[in-house]
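Here is a short briefing on a protein model. Look over the sequence and the structure before reading on.

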Amino acid sequence: MTRIPHVTPAEPNPLRALALDRLRRRTSMKWRTYPQDVLPLWVAEMDVPLAEPVVRAVTDAMELGDTGYPAGTAYAEALAAFAAARWGWEGLAVERTAIVPDVMLGVVEMLRLVTGPGDAVVVTPPVYPPFFQFVGHMDRRLCEAPLGPDLRLDLGALEETFRRAVAGGRPAAYLLCSPHNPTGTVHTAGELTAVAALAERYGVRVVADEIHAPLVVEGVDFVPYLSVPGGENGLSLMSASKGWNLAGLKAALAVAGPAAAADLARLPEEVSHGPSHVGVLAHTAALREGTAWLDALLAGLDDNRRLLAGLLAEQLPAIGYRPSEATYLAWLDCRALGLPDDPGQVFLERGRVALNSGTDFGTGGTGHVRLNLATSPEVITEAVRRMAKAMA
Ligand SMILES: Cc1ncc(COP(=O)(O)O)c(C=O)c1O
């Protein structure tokens, strides 16, 4: 695949557009879970105004009263064009896609297609906490193959876990997070090809959550799982939701590789009733016309990663932080601070900064916190100041 350079942002940095008092008027989870004196740098919502094409698409729909049920394949077509232009991947076939309400409900439906009650689902912690909750609620057995100390996939651990998962000849699936939340790790083509080879050897089906795929830094290749040799029987979930901050406008896409088309065809028709038509319009507009906005965001996130690294080095040098290649999340190793297992509680109580507690991310999460960088440099600066004060 050929790497496509990002466009030089012609748009202003969206992370600098909104003042805190305006953000505090928002009524979503990020802004309404903690008291007003707490700086919220936790749940994956971004402090940005929406991309203009998204606002236009939704406003036009409101003016027209175009608020019925979704129809057609425009979202999938927009994603296919985006995948070709952005990642050099021409293999996303619109006829092998299905709209689903959101990525996590899509994950559940894909896991239902390839596993049954009591079968194993492999996860690679530390990983997005709802992986544990959703898989647990669907009566599947969770098997953990933790990331290595370099925060990359540990292929040895994965092989061992695949072996255990299929013991007795049972079906099993691997819920791959790509790029990986919370570490921001971008899996390489080599790693993903090795995953596909292991999956093939043990008969494990791969379901890839690729929601963070648009949020990869310039110069680093995002490799869609379905594009690697051996990935043909994989299933992927993609969405404009994280890249363009559209979680409240429900819509995502399930994508099947050529050898998984028959599985996706078994998806119950009623699943397609879940996504919102307005959500589909918004996501389609983002993918079709939102690239300049996305590139401006990515440039701003890059600045924020550098800013955070500098601030931590000055004020909290005991915290381990490796700026990641994807997502807007920073995974902070606080083990050297000598705090209890959940340092997030200390930063919240003493510092009035809300972060995600690493313990929620499973094995490897103890002593860590996840910080959301999708905010202004001023908020990041104030958050680190408060965190340092909490430790003083
Ligand atoms: C890896 C991952 N998957 C899924 C989601 C949630 O996506 P959705 O709201 O479309 O279910 C998130 C949200 O942060 C995420 O980080």
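Domain bounds here come from an automatic or database domain assignment. On that basis the protein chain splits into domain 1 (14–51 + 291–391) and domain 2 (67–289). The model is predicted: local features need pLDDT of at least 70, side-chain atom pairs count only at pLDDT 80 or more, and totals for chains, interfaces and linings use all residues. Residues are numbered from 1 along each chain as its sequence is written.

**Domain contact**

- The centres of domain 1 and domain 2, taken over C-alpha atoms, are 26 Å apart.
- Domain 1 gives 26 residues to the contact and domain 2 gives 29 residues. Two residues are in contact if their C-beta atoms, placed from the backbone, lie within 7 Å.
- On the side of domain 1 that touches domain 2, α12 (291–315), β9 (329–333) and β12 (368–372) each supply at least two residues. Helices (H or I, at least four residues) and strands (E, at least two) are DSSP runs, numbered from the N terminus.
- The largest share of that side, three residues, comes from α12.

**Sheet**

- Seven strands form an open sheet with mixed pairing, in the order β2-β8-β7-β6-β5-β3-β4. Two strands pair if DSSP finds at least two bridges between them.
- β2 (97–100) and β4 (141–144) stand at the edges with a single partner strand each, so one side of each has no neighbour in the sheet.
- Neighbouring strands of this sheet are turned by 25 degrees against each other on average, direction ignored. Axes are lines fitted to C-alpha atoms, for helices over the stretch in contact, and angles run from 0 to 180 degrees between N-to-C directions.
- Strand β3 (residues 120–123) pairs with β4 in the parallel sense over four bridges. Val121 has Leu142 as its bridge partner in β4.
- Helix α7 (residues 155–165) lies across β3, β4, β5 (172–177) and β6 (204–209), and runs at about 170 degrees to β3.

**Ligand shell**

- The ligand is surrounded by 14 residues, and the closest are Ala44, Asp102, Val103, Met104 and Asn181. A residue is near a molecule if its C-beta atom, placed from the backbone, lies within 6 Å of it.
- α5 (103–114) and α9 (241–244) each supply at least two residues of this shell.

**Thr193**

- Thr193 sits in helix α8 (residues 189–202).
- Thr193 touches Val228, Pro229 and Gly230, not counting residues up to four places away in sequence.
- Thr193 and Val38 are 155 residues apart in sequence and 44 Å apart in space, C-alpha to C-alpha.
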